[in-house]
Amino acid sequence: MSDETASSPSLSPAKKKQSLGWMEWMRGWSSVFGEILFQRITASHLENPLPLPSVNDLTCVVTGSTSGIGRETARQLAEAGAHVVMAVRNTKAAQELIQQWQNEWSGKGLPLNIEAMEVDLLSLDSVVRFADAWNARLGPLHVLINNAGVFAMGEAQKFSEDGYEQHMQVNHLAPALLSVLLLPSLIRGSPSRIINVNSVVSFIITDTAGSKSLFSTFLFSLMHCVGFVDPDDMNVVSGRRKYSSLIGYSSSKLAQIMFSSILFKKLPLETGVSVVCLSPGVVLTNVARDLPRFLQALYAIIPYFIFSPQEGCRSSLFSATDPQIPEYWETLKTDDWPVCPFISQDCRPANPSEEAHNTETAHRVWEKTLELVGLPLDAVEKLIEGENIHRRYGEQHE
């Protein structure tokens with residue numbers, strides 16, 4: 001198990017923060033339930049589907065695009081004219097979707113410009129191979145949408161082949177590695193954007209076997225608002241905190257925002273690469289887990305509150321295409337704002353959790369993340385200058 005146990009020299013063990021304070025925890029829960037109850041009201045001004053500006057000149061990579069929000073994001077971008085790359089683990093499923101979409105689109109215009117490439121976020125070698133394959137094309141990348149995520153609700157702690165807790169790797173470490181390694185292509189595509197689908201809450205509902213209606217179970221999953229990251233124990237193996245899937249998931253989502261905030265600060269304005277995190281809202285997806293039965297009692301009221309994947313992808317599409325995003329990004333950089341731009345489910349600027357503003361922890365998360373994914377601390381600076389960097393994973397690892 002390759003995780004840290006030594007404390008940061010900047011904080012003594014006595015002063016080291018071990019968890020959220022009760023006020024932070026209460027404010028986090030308030031954000032969670034506020035979004036559940038009021039998202040349809042706050043997003044009532046949005047059209048569905050969201051109208052997109054001209055995207056004929058955009059090349060977009062979308063991870064996790066064979067289901068849910070990612071699937072709708074990829075389809076709508078392709079139908080709007082973008083060149084879309086479905087970065088997925090199951091390329092066969094992606095190819096079947098592409099064929100289906102092409103058939104449905106036939107007669108409406110030019111064939112969709114969409115392709116599938118393999119990447120498995122549970123393997124950092126796979127992430128590096130994907131980035132190398134894309135960068136080798138020497139073409140521009142205009143939008144990277146880190147959409148893929150995992151929430152293994154109620155399951156025992158599991159680790160990737162690289163030795164990292166699965167939520168932390170899929171939701172944070174792998175997207176962070178991908179974002180850094182694709183910087184050469186993103187700079188070629190400037191102005192370009194790195195879009196991280198974070199969230200405040202999400203519902204997961206599934207069909208029971210043989211049922212014609214949604215019935216089985218649902219779940220509200222707590223994202224970064226109630227998350228806490230210990231940079232010295234990102235795998236939650238030290239024993240200082242008892243592991244649960246909820247802790248693994250919420251920690252990974254907060255780590256994503258913290259890492260993105262430092263990347264936001266490190267990218268000079270002249271690179272033209274914006275970094276944005278977003279919340280899709282409370283979204284009905286097709287991901288299933290065995291969940292507590294008592295939650296089924298709320299099933300009757302859920303359909304009113306939750307978004308469909310088509311509604312849930314609006315903040316992703318907005319963040320990827322709205323022409324004002326670079327201006328907003330530049331304004332926050334100029335004002336030395338402590339966190340990266342965050343777009344809410346109603347496609348408006350929002351403020352992430354109080355803990356996300358902890359810049360000291362964010363810097364430690366940045367350093368530890370680069371260590372875990374096998375990149376040097378000056379990787380971003382070197383890639384901006386067009387220099388090669390040493391990598392632990394990928395061909396060098398093999």
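**Entry 1: ground rules.** I take helices as DSSP runs of H or I with at least four residues, and strands as runs of E with at least two, numbered from the N terminus. The model is predicted, so I note that local features need pLDDT of at least 70 and side-chain atom pairs count only at pLDDT 80 or more, while totals for chains, interfaces and linings use all residues. Residues are numbered from 1 along each chain as its sequence is written, and side-chain values use heavy atoms, with hydrogens and water left out.

**Entry 2: a pair inside helix 2.** I looked up Arg75 and Glu79. Both lie in helix 2 (residues 68-79), 4 residues apart, about one turn of the helix. I call it a salt bridge when a side-chain nitrogen of Lys or Arg is within 4 Å of a carboxyl oxygen of Asp or Glu. Side chains of opposite charge can pair when their charged atoms come close.

I then checked accessibility. My classes are buried under 20% relative accessible area, exposed over 50%, and partly exposed in between (1.4 Å probe, protein chains only). Arg75 is buried at 15%. Glu79 is partly exposed at 27%.

Entry 3: What do the side chains of Arg391 and Asp132 form where they meet? I found a salt bridge, 2.6 Å from N to O. Arg391 sits in the segment after helix 13 (379-384) and Asp132 in helix 4, so this pair ties together parts 259 residues apart in sequence. Arg391 is buried, at 12% relative accessible area. Asp132 is partly exposed, at 24%.

**Entry 4: Arg348 and Asp346.** I listed this salt bridge with its closest N and O atoms 3.6 Å apart. Is Asp346 buried or exposed? Asp346 counts as buried, at 9% relative accessibility. Arg348 counts as partly exposed, at 40%.

I also looked for shared partners. Salt bridges of that kind join Glu72, Arg75 and Glu79 into one network. How many salt bridges does a search of the whole structure find? The search gave me 13.

**Entry 5: Asn135.** I went back to helix 4 (residues 124-135), where Asn135 lies. Asn135 counts as buried, at 16% relative accessibility. I listed its contacts (heavy atoms within 4.5 Å). Leaving out residues up to four places away in sequence, Asn135 touches Leu181, Leu182, Pro184, Ser185 and Arg188.
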